[in-house]
Amino acid sequence: MDGVTVMDRALLDGVRTVPGQGKRVAGRLTGIDVARGLAVLGMYAVHVGPEPAKGGVGVLFKPFEGHSAALFAVLAGVSVALMSGGRRPKLGRDRTRVALKLATRAPLLVALGLWLTSLETGYMVILAYYGACFLFAIPWLRAGAKALAIASVVVAVAGPLLSHLIRIQLLPRDLLFFAPDLTADDVTSTGLLKAATVLVLTGTFPAMTLMAYVFAGMAIGRMDLTSRSVCRRLFFGGSALAVGGYLVSWIATGPLGGMQAVYRSLEPAAAQMGMTPQEFFRLHQTWIHGTPPTTSWAWELLPTGTSYTPFDLLISIGIAAAVIGGCQLLMPKFERVLRPLSDLGGRVLSAYVLHFVAIALLWDESDGDSIFSVLHFVEFSVVALTGAVLWRKFIGRGPLEWAMNKLSSWPKYLFADARVPAQRRG
């Protein structure tokens with residue numbers, strides 16, 4: 001997982017103008033909710049679907065590994081951009097209110113993430129890392145699409161390399177090292193500085209590189225997402241970026257010998273387990289999650305999902321952009337069919353949190369691999385889609401979305417504009 005965006009329902013409303021004044025009337029950007037709903041189903045595919053490594057029908061679930069989390073993170077950036085004005089960034093007091101709202105939601109997300117981790121489901125939780133990213137996004141609320149796109153590329157390329165340099169000194173790791181998520185006990189026992197280090201640099205979704213997705217989403221949110229030409233550029237441009245990323249990574253790891261360097265770094269550990277380096281890599285490659293090993297720079301050439309290498313980040317950004325553009329293009333034509341996905345995407349925080357609660361209640365460590373099956377994926381998906389449709393119809397905003405909005409709505413009362421009382425008529 002994967003992640004979740006937390007935003008007000010009004011944030012996805014297009015800018016409406018008065019008909020007849022020469023401007024387009026833009027409706028709600030429901031394609032964004034569809035993309036978010038797809039990310040939720042992708043998360044279920046990763047968490048309870050069959051394991052791709054075991055072959056069979058599980059191979060069909062391989063594309064969801066890592067990319068669902070990236071799509072969530074990019075959509076989080078889209079939400080921040082829309083919250084802060086969309087194509088026209090808010091200024092002055094309005095931007096200050098948005099900054100305070102993000103600053104309020106950040107610790108709430110950290111607390112919620114720590115609570116989900118305490119359920120000990122065995123899954124990684126991204127919410128606390130989102131809290132850090134929301135704080136990092138505040139200084140960029142005034143930035144336009146071009147500046148944010150450049151920031152995304154710079155972080156995607158330079159962030160993993162800088163992280164590698166720092167972690168060599170701070171926390172070197174090999175392939176078998178797996179950094180656990182931050183827990184409440186870690187915060188109380190090691191202090192805020194160590195906790196911040198985990199959230200920013202050494203954790204499973206380090207904010208230092210996660211910001212590449214958030215910046216990309218903010219850049220997308222600064223675009224005119226009601227324009228079909230813009231959405232087509234997102235779809236085809238994102239697809240080209242993903243394909244190009246895979247191609248260059250293949251050249252770097254294949255003909256240029258990057259993969260052989262990775263295998264050489266694994267020889268001692270593989271020999272101890274009676275395996276070839278290739279077998280050892282295939283068995284443990286998902287352990288790269290968030291922070292690649294520091295035993296060789298060649299690890300940074302891999303495109304593996306959630307490895308947070310430059311290629312993984314760029315490829316995932318491309319896929320996310322293509323999905324967002326595609327959903328915006330498809331929604332007007334297939335609104336009735338896609339509406340359940342839109343309803344689910346509009347209640348994504350609730351869907352994310354409640355699925356962890358369900359896993360904690362239904363299974364424990366003794367169940368082993370029995371949790372992973374097509375049936376469980378279908379069950380989770382059907383329940384979530386049905387629940388979202390009924391909740392929207394009879395209640396409205398999702399329960400956790402409502403709570404998050406209420407808890408972070410206090411900044412709107414600051415800097416209230418003075419109102420001049422209406423004069424009484426004689």
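Which residue forms a salt bridge with Arg87? The tour of this predicted model begins with that pair.

**First stop: a link across the chain**

Select Arg87 and Asp224. These two residues form a salt bridge, and their closest N and O atoms are 3.6 Å apart. Arg87 sits in the loop between helix 2 and helix 3, while Asp224 belongs to the loop between helix 8 (207-221) and helix 9 (228-253); the pair links distant parts of the chain, 137 residues apart. Arg87 counts as partly exposed, at 47% relative accessibility, whereas Asp224 counts as buried, at 12%.

Now select Ser84, which lies in the loop between helix 2 and helix 3 (92-118). Ser84 counts as buried because its relative accessibility is 1%, under the 20% limit. Leaving aside residues up to four places away in sequence, Ser84 touches Pro89, Lys90, Val98, Leu141 and Arg222.

**Second stop: helix 13**

Select Glu335 and Arg339, whose side chains meet at 2.7 Å, N to O. Both lie in helix 13 (residues 335-345), and because they are four residues apart, about one helical turn separates them. Arg339 is partly exposed, with a relative accessible area of 25%; Glu335 is also partly exposed, at 38%.

Asp343 counts as buried, at 1% relative accessibility, and Arg392 as partly exposed, at 35%.

Select Tyr44, Leu127, Tyr130, Leu210, Tyr213, Ile324 and Tyr352, the residues with the most contacts inside the largest nonpolar core, which has 95 residues. Helix 2 (residues 67-83) gives the most to this core, contributing 13 residues. Another core, of 13 residues, lies apart from it and includes Met259, Ala261, Ala270 and Phe281.

**Fourth stop: the surface**

Select Val153, in helix 5 (residues 145-170). Val153 is partly exposed, with a relative accessible area of 44%. A nonpolar surface patch of about 800 Å² is made by residues including Val153, Leu161, Ile168 and Trp297.

**Last stop: confidence**

Colour the chain by pLDDT. The average is 88, and 90% of the residues score at least 70. Over residues 1-27, however, the pLDDT is below 50; this stretch has 81 contacts in the model beyond near neighbours in sequence.

How values were computed: Residues are numbered from 1 along each chain as its sequence is written. This is a predicted model: local features need pLDDT of at least 70, side-chain atom pairs count only at pLDDT 80 or more; totals for chains, interfaces and linings use all residues. Side-chain values use heavy atoms; hydrogens and water are left out. A nonpolar core is a set of buried Ala, Val, Leu, Ile, Met, Phe, Trp, Tyr and Cys residues joined through side-chain atoms within 4.5 Å. Buried means under 20% relative accessible area, exposed over 50%, partly exposed in between (1.4 Å probe, protein chains only). Helices (H or I, at least four residues) and strands (E, at least two) are DSSP runs, numbered from the N terminus. pLDDT is the predictor's confidence in each residue, from 0 to 100. Contact means heavy atoms within 4.5 Å. Patches are made of residues with over 30% relative accessible area and no salt bridge: like charges are joined within 9 Å, nonpolar side chains (Val, Leu, Ile, Met, Phe, Trp, Tyr) within 5 Å. Accessible areas come from the Shrake-Rupley method with a 1.4 Å probe; for residues, only the protein chains shown count as cover. A salt bridge is a side-chain nitrogen of Lys or Arg within 4 Å of a carboxyl oxygen of Asp or Glu.
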